[in-house]
Amino acid sequence: MLTPLNIFKGFGYRLAENQNVFFMMSFFPKEKMYGYFLFLAFLGAMSMVGAMWFRRVRTNIPFIVILMFTLLAGLKAVRLMPAYALFLIPLGSFFFAQWLDKWPHKIQAASRIVMIFGACVIAILQLLLIKPGEVKIGLYPGVNASAEFYKANGLKGPIFSNYDIGGYLIYHLHGQEKVFVDNRQEAFPKEFFKELYMKMQQDDVMWQKMEGRYNFNTIYFYRHDLTEWGQNFLISRVHDLQWAPVFVDDFTIIFLKRNQENSALIERFELPKNMFGVSRK
């Protein structure tokens, strides 16, 4: 019963969607949605203050508790920002209506016109920011290409996968291969992430040791892993003579171990090292 209250505790792997708004703003300063959320948080807070000012607190207390809870949850974990926005639509309107009731009818009418006009302008601006072909229904084009390549050419495990692609591999290779890690933090002890998974990508000695223990035949990685250890690991494997890159696209990269079993596939599909632009910041 206490699991919902402790679900964010004891994880050994830091997820972006579980971080607070201010952390994400510092990490992604060009991302506008966090600024939008803080602006909506300010509007929600002001609407609650106004509702308490113009009406008795007891009348509004249940609605204030709900909106305040979702507001604090959204500030604490960015994955919960949509919940606040969802509740802000009816409750924010309810609170703001209590402000309008105290104003003359002409001001009420003018305020509604201004808000409708502002909402239309914001909606149009957001639509103009959408790039052609950016929004689609269904899967993103080419997202299954790496799995199709893996199955069509008979690649074999054991697979060393990173956190971000675990669920994808379970879906495509269920019953065929096992993954090293997947996206369920609660299914792994935090010691696994800190003492094994991360260290394997940070320390080549640890990687060599675990490679021998698990006998990895394939490395299957989501390329946009933003963790420091993930990027360092990919750079190291590109220069590792024991591993050959055989597939890369906008999403994933696949390496095969240089052994007799993979020799024909490597000869056919190996990608030249000079196609990878490796840089350290």
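**Labels and their grounds**

Author: Start with the surface. The accessible surface of the protein is about 18,000 Å², and carbon and sulfur atoms hold 65% of that. Keep in mind that this is a predicted model.

Reader: How do you know how the radius of gyration of the protein stands against that of a compact globule?

Author: Set the two values side by side. A compact globule of 281 residues would come near 19 Å, but the protein has 25 Å. The box around its C-alpha atoms is roughly 85 × 45 × 40 Å along the principal axes.

Reader: What makes up the secondary structure of the protein?

Author: There are 12 helices and 4 strands. Among contacts between residues at least 6 apart in sequence, 61% join residues at least 24 apart.

Reader: Why is Asn215 called exposed?

Author: The cut-off for exposed is over 50% relative accessible area. Asn215 has 53% relative accessibility, so it counts as exposed. Asn215 sits in the loop between H10 and S2.

Reader: What is the phi of Asn215?

Author: Phi is near 55°, a positive value in a residue other than glycine. Most residues other than glycine have a negative phi.

Reader: How many residues of the protein count as buried?

Author: Of the 281 residues, 37% count as buried. That label takes under 20% relative accessible area.

Reader: Which residues of H11 are buried, and what covers them?

Author: In helix H11, residues 228-238, they are Trp229, Gly230, Phe233, Leu234, Ile235, Arg237 and Val238. Their cover includes strands S1, S2, S3 and S4. Helices H9 and H10 are also part of that cover.

Reader: What makes a set of residues a nonpolar core?

Author: The members must be buried residues of nonpolar kinds such as Phe, Tyr and Met, joined through side-chain atoms within 4.5 Å. The largest such core has 26 residues, and Phe160, Phe180, Tyr197 and Met200 have the most contacts inside it. H9, H10, S2, H11 and S4 each give two or more residues to this core. H9 gives the most, with 6 residues.

Reader: Which residues does Phe160 contact, leaving aside neighbours within four places in sequence?

Author: Among them are Phe180, Tyr197, Met200, Trp207, Tyr220 and Phe233.

Reader: How many side chains are positive and how many negative?

Author: The protein has 31 positive and 22 negative side chains. The centres of the two sets lie 11 Å apart.

Methods:
Residues numbered from 1 in each chain as written. Predicted model: local features only at pLDDT ≥ 70, side-chain atom pairs only at ≥ 80, totals over all residues. Heavy atoms only, no water. Buried < 20%, exposed > 50% of the residue type's maximum accessible area, 1.4 Å probe, protein only. Contact = heavy atoms within 4.5 Å. Rg over C-alpha atoms; globule rule 2.2 N^0.38 Å. Areas by Shrake-Rupley, 256 points an atom, 1.4 Å probe, with all protein chains shown as cover. Lys, Arg positive; Asp, Glu negative; His and termini not counted. Charge placed at Lys NZ, Arg CZ, Asp CG, Glu CD.
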